[in-house]
Amino acid sequence: MFATWLQSGLCQVYVGESSGGAVILSNFQSEAAPDLLLLPAAEPRSALPVATKVKLDLASTLPARAQNLRAIIDSIASTVEVAPGLIHAVISVESNYDAKAVSPRGAVGLMQLLPATAKRFGVMDPFIERDNIYAGASYLKWLTKYFDGDLELVLAAYNAGEQAVVKAGRKIPQYPETQAYVRRVMAKLKTAGSLPL
């Protein structure tokens, strides 16, 4: 299984996209998977995630209303050590950059924080953009550690909760909403030019 191979830390991972839009992961660079996603564990690593080393052309892929949040997101991404492209992709899918968004389940703001998640990360008012983004990014960071860097499981857990992923055998739960969510965020990441961890 790819996750086991990835967790071994002995591989480098390249990423690409098929003509049908599927994400291609490979342990060698090829025309189908040209972009370096992850270095082997033996390689020296900086304090920031691998994806921050990959040049992202976010300016050309962000909607106009996202540009106002770019400095906040970049600052929080650096503090929390989550790639800014991941934060943008999650915000785009969760709220389409609407800071006042409220879901039928009570998720609030840019990163659609549930009340329990907001409380867990110390947010008193989830409509405050900086606080909302900080809590959402902190949750992504926590999930990344919890699921050993498996980005699809991180996204599934962000959508359905980490216990739903655990109960599914540490796989994406068979919820159509969650499966569609993971595909949508991964597609946004590909549009931005990188798959951050």
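Colleague: Let me start with Glu81: what is its relative accessible area, and which class does that give?

Modeller: Glu81 has a relative accessible area of 27%, which makes it partly exposed. The classes are buried under 20% relative accessible area, exposed over 50% and partly exposed in between, with a 1.4 Å probe and protein chains only. Please keep in mind that this is a predicted model: local features need pLDDT of at least 70 and side-chain atom pairs pLDDT 80 or more, while totals for chains, interfaces and linings use all residues. Residues are numbered from 1 along each chain as its sequence is written, and side-chain values use heavy atoms, without hydrogens and water.

Colleague: Thanks! Which residue forms a salt bridge with Glu81?

Modeller: The general idea is that side chains of opposite charge can pair when their charged atoms come close. Here the partner of Glu81 is Lys141, with the closest N and O atoms 3.6 Å apart (the cut-off is a side-chain nitrogen of Lys or Arg within 4 Å of a carboxyl oxygen of Asp or Glu). Helices (H or I, at least four residues) and strands (E, at least two) are DSSP runs, numbered from the N terminus. Lys141 is itself partly exposed, at 21% relative accessibility.

Colleague: How many salt bridges does the structure hold?

Modeller: There are three. In another of them, Glu177 meets Arg105 at 3.8 Å, N to O. Arg105 is exposed at 52%, whereas Glu177 is partly exposed at 48%.

Colleague: And what is the N to O distance for Glu162 and Arg120?

Modeller: That salt bridge comes out at 3.2 Å. The pair joins helix H8 (residues 162-167), where Glu162 lies, to Arg120 in helix H5, 42 residues apart. Glu162 is buried, with a relative accessible area of 13%, while Arg120 is partly exposed at 39%. Arg120 also lies over the face of Trp142, 4.5 Å from the ring centre (this needs NZ of Lys or CZ of Arg within 6 Å of the ring centre and within 35 degrees of the ring normal).

Colleague: On to the rings: how many aromatic pairs are found in the whole structure?

Modeller: A pair of aromatic rings is described by the distance of the centres and the angle of the planes. The search finds four. One is Phe121 with Tyr139, tilted, at 5.8 Å centre to centre and 50° between the planes. Rings of Phe, Tyr and Trp (its six-membered ring) pair if their centres lie within 6.5 Å; planes under 30 degrees apart count as stacked, over 60 as edge-to-face and the rest as tilted. Phe121 sits in the loop between H5 and H6, and Tyr139 in helix H6, 18 residues apart. For Tyr146 and Phe147, the centres are 4.9 Å apart and the planes at 90°, so this pair is edge-to-face. Phe147 is buried at 1%, but Tyr146 is partly exposed at 30%.

Colleague: Which residue has its charged end over the ring of Tyr146?

Modeller: That is Arg170, 5.4 Å from the ring centre. As for clusters, Phe121, Tyr139 and Tyr158 form one aromatic cluster, in which Tyr139 is buried at 6%.
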